Amino acid sequence: MSPTFRVVWFLILSLSSTAAYTQTRAQQSPIPTQLPGQNAILMGVAWYPEQWPESRWEEDLRLMEAADLKVVRIAEFAWSRLEPSEGHYDLDWLERAINLAAKHHIVSVVGTPTATPPAWLTQKYPDTLRVEPDGQRVAHGNRAHASATSTRYRDFCRRIAEQMAIRFGHNPNVVGWQIDNEYGYAQMSYDDDTRKQFQDWLKAKYKTLDNLNSHWTTAYWSQTYDNWAEIPIPIGPHNPGLMLEWKRFTTATWTSYQQNQIDVIRKHAEPRQFITGNLMGFFDGFDHYPITESLTFASWDDYVGTGHVDPAENGLLHDLTRGFKRENFWVMETQPGAVNWSPLNNFLNRGEARAMAWQAIGHGADDVNYWQWRSALNGQEEIHGVLVGPDGTPVPFYDEAAQTAREFAKAESAFRGTQPISEVALLYSYDSHWALQFQKHTKNYDDNRLLTNYYRALRPISQSIDVVSAYAPLDDYKLVVAPSLNVLPKDLADHLLAYVRNGGHLVLGPRSGMKDEFNALLPQRQPGFLVDALGARVEQYYALEKDFPVAGAWGSGQASIWAEQLKSLSPGDEVLLKYGKSNGWLDDQPAVITRAYGKGHITYIGAELDDKLMAAAAQWMTQKSAVTPVLGPVPDGVEVSRRVGPGKQVFVFVNYAAENKRITLPHPMKLMLDGQQQGSIDLLPPYGVAIALDNR
Ligand code: GLA
């Protein structure tokens with residue numbers, strides 16, 4: 001191909017459906033989740049060589065290599081082996097394990113072992129152990145028993161992380177780092193020092209007590225503080241302002257806890273080594289947006305527990321994780337069949353884990369690791385799922401992992417430099433989530449379920465969704481849906497209004513625009529600073545004890561759990577749904593209002609709608625916003641995902657239905673798993689997967 005022709009050809013490709021990508025993202029640096037010199041998508045395991053005699057390691061690694069596994073995550077619980085006594089480090093064994101893995105073409109992600117401080121440490125320095133809300137210090141013997149606020153504990157963490165970084169920061173086979181393990185799932189420490197730190201943090205933020213007292217309306221119930229030292233750590237229900245700040249302080253604590261280790265690793269490690277943390281889906285102990293800022297990329301641990309994978313719920317959690325940094329991510333852990341910690345630890349069906357692994361890739365994961373390689377002979381997780389049993393030979397699931405890993409290797413070239421690109425965004429806000437959790441008003445209110453309902457309705461239409469912070473840049477989206485922005489201060493309202501003014505379509509769910517950043521009620525009706533743009537407001541909200549009828553442009557159905565009585569204030573408003581006969585107050589009142597504003601539109605949905613109405617609402621909003629599906633029609637039960645790279649797009653199809661499905665492609669594409677150029681996927685069996693590369 002001549003250079004001129006090459007340029008013309010590239011321009012033609014750029015003008016195709018991937019144009020938005022090539023204009024905005026193609027020039028960016030390589031996706032940091034894809035490791036230079038390695039396959040673009042990888043599969044691995046959590047491996048614990050410290051639990052086994054060294055003479056066994058080679059056999060483990062041989063079995064991993066035979067299964068096409070390319071990554072081990074290693075050492076994240078091995079502190080007692082890495083620092084057997086205070087200040088005496090032994091990293092030689094870990095270096096031998098890492099180097100032996102390299103011999104088998106397996107790269108290592110080193111975990112800092114700070115979720116499991118050794119007994120000598122907690123015995124000699126009991127102040128490093130967490131204090132529970134009831135005042136008891138936790139005993140040694142589980143994990144996550146240390147206090148994240150303890151300066152002494154952080155010193156120990158920094159020292160061990162530094163020793164590891166000095167030793168492995170230049171090891172060519174160490175590709176990256178995981179800080180700690182699933183931090184934050186254990187509670188904060190409720191000791192005096194933590195309380196003092198919280199008070200100092202509040203002082204730095206509010207400057208004066210008058211300011212704090214005013215924002216928290218402490219005149220209510222004589223909560224007024226005359227001295228910073230009077231402010232408690234909230235335990236149980238408390239002042240909503242105080243409760244929200246405690247969550248933010250918790251976020252700041254884990255951010256600095258993490259940074260303490262990042263700083264020392266970065267000091268010694270080569271820049272090519274990534275730093276990540278394994279997060280936990282909807283876990284809400286801290287705000288994930290600030291926490292992930294200083295990570296190279298986000299990772300999460302994807303577990304089903306009891307039952308079977310719900311593709312919408314799991315897809316949403318992948319997209320939530322991708323949205324933390326608006327970059328691809330890793331699935332640092334996933335279940336090899338079964339776990340040991342859920343109410344009923346059933347095994348995933350044959351093929352289900354493979355389907356899940358491919359779903360992860362479709363949604364932007366560049367690595368999937370099974371937890372764990374082999375059953376430890378003792379310890380709390382003796383009977384968790386594995387690839388290799390206590391006898392050291394593969395269990396049946398090993399073959400499914402090996403098949404999937406082989407497929408990853410076969411299809412990886414299609415995924416190089418690709419990531420999902422969406423026209424639709426769902427907005428997420430931890431402040432709003434917490435505010436709603438603190439004051440649910442009905443035990444049935446669950447903003448995460450509502451988010452999932454929106455996702456479930458919208459995803460089959462757009463076939464790609466970003467889940468991002470409410471403060472994320474929005475201009476690239478045709479449709480932005482914010483199901484639960486309860487905390488909606490002026491700066492956020494301005495950000496959203498700018499999006500609408502520029503031509504976007506903003507859809508708000510119930511309970512929007514009620515609170516300011518201090519979790520105080522806004523002195524306006526909902527949706528607060530957006531009332532003028534919407535030309536309507538919420539007159540009154542109602543927690544519902546039973547479903548009420550609603551009907552209008554989207555058909556008829558039921559409102560459940562929550563309903564808001566809207567009032568139109570502007571002739572430009574269009575009422576899309578009204579309540580039927582219900583509690584008298586809501587009878588014949590507007591439930592959904594939309595209005596043109598600037599070059600765009602703003603829509604308010606004041607109730608939780610049943611599935612049929614949600615589906616109709618999703619159809620309406622995507623049509624109104626001219627959202628196009630990333631591929632086109634696929635049969636019910638089949639999920640399609642798309643990743644886009646310079647001059648190409650790659651589709652991942654997973655069949656979750658119980659029957660075979662046939663998929664017609666808009667034009668022939670290369671099916672990566674069987675190597676054929678085809679215009680259709682003729683038979684996708686239950687849990688079947690197909691990968692189609694479109695590089696026309
Ligand atoms: C979590 C932890 C792992 C392991 C698994 C078991 O994700 O990070 O160490 O305990 O759960 O499912």
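Reader: Leaving aside neighbours within four places in sequence, with which residues is Asn519 in contact?
Author: The model is a predicted one, and Asn519 is found in its loop between E13 and H18. Neighbours within four places in sequence are set aside here. The residues in contact with Asn519 are then Pro240, Gly241, Leu244, Ala435, Phe438 and Val487.

Reader: Is Asn519 buried or exposed?
Author: Buried means under 20% relative accessible area. The relative accessibility of Asn519 is 4%, so this residue counts as buried.

Reader: How far does the backbone oxygen of Pro240 lie from a polar atom of the side chain of Asn519?
Author: Pro240 is among the residues in contact with Asn519. A polar contact requires N or O atoms within 3.5 Å. From the backbone oxygen of Pro240 to a polar side-chain atom of Asn519, the distance is 3.1 Å.

Reader: What is omega for the peptide bond from Gln526 to Pro527?
Author: Most peptide bonds are trans. The bond from Gln526 to Pro527 is cis. Pro527 itself lies in the loop between strand E13 (505-508) and helix H18 (531-534).

Reader: What separation do the C-alpha atoms of Pro527 and Gly513 have?
Author: Pro527 counts as buried because its relative accessibility is 1%. Beyond four places in sequence, Pro527 touches Leu508, Ser512, Gly513, Leu534, Ala536, Arg537 and Tyr604. Gly513 is 14 residues from Pro527 along the chain, yet their C-alpha atoms are separated by 3.8 Å.

Reader: Which residue is joined to Gln372 by a cis peptide bond?
Author: Gln372 has its place in the loop between strand E9 (365-370) and helix H14 (397-415). The cis bond in question has an omega of about 5°. The residue joined to Gln372 by this bond is Trp371.

Reader: How many nonpolar, polar and charged residues are in the shell around the ligand?
Author: The residues around the ligand are Phe77, Arg143, Asn181, Glu182, Asn278, Asp301, Tyr303, Glu333, Trp341, Trp371, Glu381 and His384. Trp371, one of these, also takes part in the cis bond to Gln372. By class, the shell divides into four nonpolar, three polar and five charged.

Reader: What kind of aromatic pair do Trp79 and Tyr153 form?
Author: The structure holds 38 aromatic pairs. In the pair of Trp79 and Tyr153, the distance is 6.0 Å centre to centre and the angle between the planes is 45°. Trp79 in helix H4 and Tyr153 in helix H7 are 74 residues apart, so far as the chain is counted, and both are buried. Stacked pairs have planes under 30 degrees apart and edge-to-face pairs over 60; this pair is tilted.

Reader: How many residues apart in sequence are the parts that Phe274 and Phe297 tie together?
Author: The ring centres of Phe274 and Phe297 are 4.6 Å apart and the planes stand at 50°, so this pair is tilted. Both Phe274 and Phe297 are buried. Phe274 belongs to strand E5 and Phe297 to the loop between helix H11 (288-293) and strand E7 (299-302), so the parts tied together are apart in sequence by 23 residues.

Reader: What is the phi of Ala75?
Author: Most residues other than glycine have a negative phi. Ala75 lies in the loop between strand E2 (71-74) and H4, and is buried because its relative accessible area is 0%. Although Ala75 is not a glycine, its phi is positive, at about 80°.

Reader: Is Asp588 buried or exposed?
Author: Asp588 also is not a glycine and has a positive phi, about 65°. Its place is in the loop between strand E17 (574-579) and strand E18 (590-597). The relative accessible area of Asp588 is 52%, and the cut-off for exposure is over 50%, so Asp588 is exposed.

Conventions
Residues are numbered from 1 along each chain as its sequence is written. This is a predicted model: local features need pLDDT of at least 70, side-chain atom pairs count only at pLDDT 80 or more; totals for chains, interfaces and linings use all residues. Side-chain values use heavy atoms; hydrogens and water are left out. Helices (H or I, at least four residues) and strands (E, at least two) are DSSP runs, numbered from the N terminus. Buried means under 20% relative accessible area, exposed over 50%, partly exposed in between (1.4 Å probe, protein chains only). Contact means heavy atoms within 4.5 Å. A residue is near a molecule or strand if one of its heavy atoms lies within 4 Å of it. Ala, Val, Leu, Ile, Met, Phe, Trp, Tyr, Cys and Pro count as nonpolar, Asp, Glu, Lys and Arg as charged, and the others, Gly among them, as polar. Rings of Phe, Tyr and Trp (its six-membered ring) pair if their centres lie within 6.5 Å; planes under 30 degrees apart count as stacked, over 60 as edge-to-face and the rest as tilted. A polar contact is a pair of N or O atoms within 3.5 Å; within protein, one must be able to donate a hydrogen and the other to accept it, and residues adjacent in sequence count only if both atoms are side-chain atoms.
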